[in-house]
Amino acid sequence: MHFSEFAEALAKLSETTKRLEMIDILANLFRKTDKNLIDKIVYMIQGKIHPDYMGIEIGVAEKLASKAISSVSGASVEKIEELASKLGDLGSAAEQILMKKAQLTLFSEPLTVEKVYSALDRAARASGSGAQETKLRILAGLLNQSSPLEAKFIVRLVVGTLRLGVADYTILDGLAEAFVGGKENRAVIERAYNLSSDLGLVAKVLVEKGFDELKKFGPEVGRPIRPMLAERLTRAEEVLEKIGNDVSVEYKLDGERVQVHKNGDRITLFSRRLENITHHYPDVVKISRESISLDKCIVEGEIVAFNPETGELLPFQELMHRRRKYDVEKVMEEIPAMVYFFDILVVDGMDLTQQPYLTRRSMLTKYVKENLYAKIVPNIITRNPEEIEAFMNQAISDGCEGVVVKDVNSVYRAGAREFSWIKLKREYRSELADTLDLVIVGAFYGKGRRTGKYGAFLLAAYDKDRDMFESISKVGTGFKDEDFDTFQKILEPYKITHRHSRVDSKIEPDVWFVPAIVIEVIASEITLSPIHTAGYGLIKKNAGLALRFPKFTGRIRDDKGPEDATTVDEIIELYQRKLTKIAAEDVDVDKV
Ligand code: ATP
């Protein structure tokens, strides 16, 4: 397949924000893609060349890409950078610059998708001292043969700014449309994706082996399963009403979620975001090896920092310190970790995700041998709200955040947030009974002691449907001086000169950022606001939703990517729940 055909589809995709149009463009593209290329096309649409969990990134810095453009066009690096900042991205600059050159050159041989993909793969795998040179050579080689439009997308791909605004679920729709007659059969494709976190692989199985084979798709050790998530409610009665039968109430540990993949002696750890975090936790690898008595399995748990002398659990921040330090061996001694296992998804190669909770729990107790560092999460089975409340209080006094209540009959729904798992946390003394995880999209300079440094941040919630980050709050409270310094450092690589294309904000901060860093905040309530864009116009015309008295809790959510932030839908639900509560209180007042 000629790369030009693919580049044209990318151009069309980047020109629309309408989901239905995107699905159409994708379906057309997929239909004309050679079978052996479908996975590669899918990865490249996602802006990558392999699934995230493999951790192979192309990793070309803008400077290096500018040099490559310079070497094939003769334009100076300064001129290229200037044009890029004027046009807003380096890909467009490459396109414009090569347009002038194109008139003079005759392309020898057209670029193919295969050729571009394998060149990018080689660039990504280049390592060691000559890696930069190799990447430069490969990129220049590609640009030398590309048309201006092709160059635009090759550059965006290598520097990681493709960002077509095509969500993974839109790609699933595109595949469904192209090969299985649309929406009706989409669930099968989605399930395979949730079990493998690998869209390219799903597309390949579908196209090469067929829909019936995809129906048999199961989880595999080594490929992360997208985690099942919990809904939130505030009272035990509500939880029981929602679930409607016996529930298992489990301690909700305040740590980092981990999915342990064990294949013989080989242990791989995946985070909630499906990143490979094995190297962060050599101690968890050892704990898993020693406590799980199975050869081939996938087990889920929560890693928590603790004091082995007293058995006391330590706050989440302690664990996150480990992520920022380089000397893992030393940090393991300073901040020991343990694991509370709460689910088992594969046993000796057999898929357990379709088995009810109770079966999985009994497998878990059978195959995990408890010791000081490995525990099975404590639980009770009940139908009584008072017992739930009492168990929650016990969990909190043992250093947990609250409890997760699970339907004893529920299967493991990979990637879903449903009411078969419900979290109940300690009541904060505020209208909002839960914290929110929001993305930093901008910063404001401080005053007084903080002149010239950040003093507050602009935060956004994630709108899944639009694949956009919509502003919801400006927060400057709850930060210690050293927190601001930490933020200055961790935000530096994400600084940009203009609003990011996936950010929707009417407020203009002093500095803009690529949405990347997620922090936890608490607020007294959610209110309507004309200046914030979260859920704009959905509750009331000309108004979005905002936070009242927002405060940083001290927690940076390194374990969450921007798309894992609290969604606009969740915020609307929290807002509506508040209204229902007020309405109910009004009725009471009337009665009196
Ligand atoms: P979410 O992961 O749901 O988006 P979050 O990361 O803010 O949100 P919470 O909403 O507080 O986390 O709760 C869900 C998380 O709780 C799980 O992802 C897991 O890491 C953790 N957890 C702790 N104990 C349990 C348990 N017993 N069962 C399931 N999850 C648990």
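At what angle do helix α1 and helix α2 pack, and how far apart are their axes? The legends below start with that pair and then visit other parts of the model. This is a predicted model, in which local features need pLDDT of at least 70, side-chain atom pairs count only at pLDDT 80 or more, and totals for chains, interfaces and linings use all residues. Residues are numbered from 1 along each chain as its sequence is written, and side-chain values use heavy atoms, with hydrogens and water left out.

**View 1. Helices α1 and α2 pack against each other.** Helix α1 covers residues 3-15 and helix α2 covers residues 19-31; they pack at an angle of about 170°, with their axes 10 Å apart. Helices (H or I, at least four residues) and strands (E, at least two) are DSSP runs, numbered from the N terminus. The axes are lines fitted to C-alpha atoms, for helices over the stretch in contact, and the angles run from 0 to 180 degrees between N-to-C directions. The pair is therefore roughly antiparallel, a term for angles over 145 degrees, while those under 35 count as roughly parallel, 65 to 115 as roughly perpendicular and the rest as oblique. On the α1 side look for Phe 6, Ala 9, Lys 12 and Leu 13, which meet Met 22, Ile 25, Leu 26 and Leu 29 of α2. Contact here means heavy atoms within 4.5 Å. The residues of this contact divide into 7 nonpolar, no polar and 1 charged. In this grouping, Ala, Val, Leu, Ile, Met, Phe, Trp, Tyr, Cys and Pro count as nonpolar, Asp, Glu, Lys and Arg as charged, and the others, Gly among them, as polar.

**View 2. Helix α3 is mostly covered.** Of the 8 residues in α3 (residues 38-45), 7 are buried. Buried means under 20% relative accessible area, exposed over 50%, and partly exposed in between (1.4 Å probe, protein chains only). The buried residues are Ile 38, Asp 39, Ile 41, Val 42, Tyr 43, Met 44 and Ile 45. They pack against α1, α2, α7, α9 (148-159), α10 (168-179) and α12 (199-209). Just after α3 comes Gly 47, with a positive phi of about 80°.

**View 3. Asp 121 sits in helix α7.** Helix α7 spans residues 113-125. Asp 121 counts as buried because its relative accessibility is 17%. Leaving aside neighbours within four places in sequence, Asp 121 is in contact with Ile 49 and His 50.

**View 4. Glu 250 is a buried residue of strand β2.** The strand runs over residues 247-252, and Glu 250 has a relative accessible area of 1%. Setting aside residues within four places in sequence, its contacts include Phe 342, Tyr 357, Arg 361, Asn 379 and Lys 406. Glu 250 and Ala 395 are 145 residues apart in sequence, and their C-alpha atoms are 8.6 Å apart in space.

**View 5. Val 284 lies in helix α15.** This helix comprises residues 282-291. Val 284 is buried, with a relative accessible area of 0%. Not counting residues up to four places away in sequence, Val 284 touches Leu 269, Ile 303 and Val 339. From Val 284 to Asp 295 there are 11 residues in sequence and 17 Å in space, C-alpha to C-alpha.

**View 6. Asp 348 and Asn 542 each have a positive phi.** Most residues other than glycine have a negative phi. For Asp 348 phi is about 45°, and for Asn 542 the value is near 55°. Asp 348 is found in the loop between β6 (337-347) and β7 (350-351) and is partly exposed, at 47% relative accessibility. Asn 542 belongs to the loop between β19 (525-529) and β20 (544-548).

**View 7. Val 511 is in strand β17.** The strand covers residues 511-513. Val 511 is buried, at 5% relative accessible area. Leaving aside neighbours within four places in sequence, Val 511 is in contact with Val 441, Gly 442, Ala 443, Tyr 445, Tyr 454 and Lys 495. Val 511 and Leu 545 are 34 residues apart in sequence and 22 Å apart in space, C-alpha to C-alpha.
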